[in-house]
Amino acid sequence: MKLLVVGGAGYIGSHVVRCFLDNGHNVTVFDNLSTGCRENLFKEGEFIQGDILDIPLLQEVMAGGFDGLVHLAALKSVEESMSFPEKYSVNNITGTLNLLNAASESGIRHIVFSSSAAIFGNPQYLPIDEDHLKNPPNYYGFTKLEIEHILQWYDRLKKIRFAALRYFNAVGYDPEGRIAGLEKNPANLVPIIMEVATGKRKKLQIFGDDYDTRDGTCIRDYVHVSDLATAHLLAMEYIHKFNTSDCFNLGSEKGTSVLEMVESAREITGKPIPAEIAPRRPGDPGNLVATSAKAYKTLKWKAQYSDLPTLMESSWNAYKKHL
Ligand code: UFG
């Protein structure tokens, strides 16, 4: 397939591109390099530097004709989205509309969209399945949910088939060490732990130890980024083969607390990783764990690398090069 991967120089995007290239597909990366980086590009792929707010450029690029589009270009800081919702409206929602309209005009009919567990909000029950109530607790999650709604309309009106992949907590790095770029100014737990381990940061703040969980810290479903990448390939093949659209929750189905993550990181890195308890972070649900039964059954997806030691070790292998 000839594919356009928008946001393909980012953390998840670069793993997705690697997976498509490994499986013999032809990939063009479109990225504005605001959070993505050149080190994450591969020589086998094409690269176009551009922004999803640039409609004429999108039209020009898509006129080349593609069998499918993977859309991962978005701002993703939960906290920032609450302070600067306008930025998230423009980049995430307007940007996606530009992409969709250009795709529609140029005859692209298959889209895999990077959605998020942030669309669900506080769980009504666990594990969270695809039908769970959608009540995003932050504006970032709202933008992802809005885009899912828009995709449903374009499916109905323009016959654009899509798969919305709701990632839970993406962590880890390519087990073969082929992704070189680290995330810039990360706000997520594992990259922050890794920056403490390499000495770039002094200590980790643990946001709250008074949640109703086994050790009081938040529980999340950490899933390996290479497993997520495989899901993009399977989803793209699935929507082509069955000419259909669908949504999938992607997690490891295992809940791990913040303290358990820190312990595992100490073990694997051999570094002390100083940590202190800090107040809760607003909008953090106590416990988020997915069921990925639908992805297993429908896409024949399987999380291969999402056990805790592999998650931590593959992250550490990427970070320790920067010691
Ligand atoms: N945490 C800390 N200290 C930190 C950073 C995080 O204690 O410095 C805690 C958080 O409170 C949370 C857990 O670690 O309990 C995981 O936090 P992340 O920021 O890594 O991830 P989130 O669960 O908040 O959110 C992530 C992505 C979102 C995505 C969401 C889906 O950032 O984009 O998963 O669940 F939508």
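Tutor: Start with Asn188, where a polar side-chain atom sits 2.6 Å from an oxygen atom of the ligand. That's a polar contact, meaning a pair of N or O atoms within 3.5 Å; inside protein, one atom must be able to donate a hydrogen and the other to accept it, and sequence neighbours count only if both atoms are side-chain atoms. Asn169 also puts a polar side-chain atom 2.9 Å from an oxygen atom of the ligand. Phe207 does it through its backbone: an N or O atom there is 2.9 Å from an oxygen atom of the ligand. On its own the ligand has 670 Å² of accessible area, and the protein covers 92% of that (Shrake-Rupley method, 1.4 Å probe; for residues, only the protein chains shown count as cover).

A quick word on ground rules: this is a predicted model, with pLDDT of at least 70 needed for local features and 80 or more for side-chain atom pairs, while totals for chains, interfaces and linings use all residues. Residues are numbered from 1 along each chain as its sequence is written, and side-chain values use heavy atoms, leaving out hydrogens and water.

Back to the shell: there are 21 residues around the ligand, and Ser116, Asn188, Gln205, Arg281 and Asp284 come nearest (near means a heavy atom within 4 Å). By class, the shell splits into 13 nonpolar, four polar and four charged residues; Ala, Val, Leu, Ile, Met, Phe, Trp, Tyr, Cys and Pro count as nonpolar, Asp, Glu, Lys and Arg as charged, and the others, Gly among them, as polar. α6 (189-198), β8 (204-207) and β9 (219-224) each supply at least two shell residues, and β8 gives the most, with four. (Helices are DSSP runs of H or I, at least four residues, and strands are runs of E, at least two, numbered from the N terminus.) Domain 1 (2-171 + 223-250) and domain 2 (189-221 + 253-320) both contribute to the shell, so the ligand lies between them; the domain bounds come from an automatic or database assignment.

Now the other spaces. The second largest pocket holds about 220 Å³, and 14 residues line it, with Asp22, Asp174, Arg178, Ser226 and Tyr305 nearest its centre. Two or more lining residues come from each of α1 (11-22) and α7 (225-242), with α1 giving the largest share, four. That lining divides into four nonpolar, five polar and five charged residues.

There are also two cavities of 30 Å³ or more. On a 1 Å grid over the protein atoms alone, a cavity is a set of points where a 1.4 Å probe fits but can't get out, a pocket is an open set with protein on both sides within 12 Å along at least five of seven lines, and lining residues have an atom within 4 Å of a point. Points are joined across faces, edges and corners, and volume is the space filled by probe spheres set on them. The largest cavity, about 40 Å³, is lined by residues including Leu69, His71 and Phe113, with α4 (85-106) among the elements that supply at least two. Its lining has six nonpolar, two polar and no charged residues. The second largest cavity, about 30 Å³, has Gly8, Val17 and Phe42 among its lining residues, and no charged residues there either.
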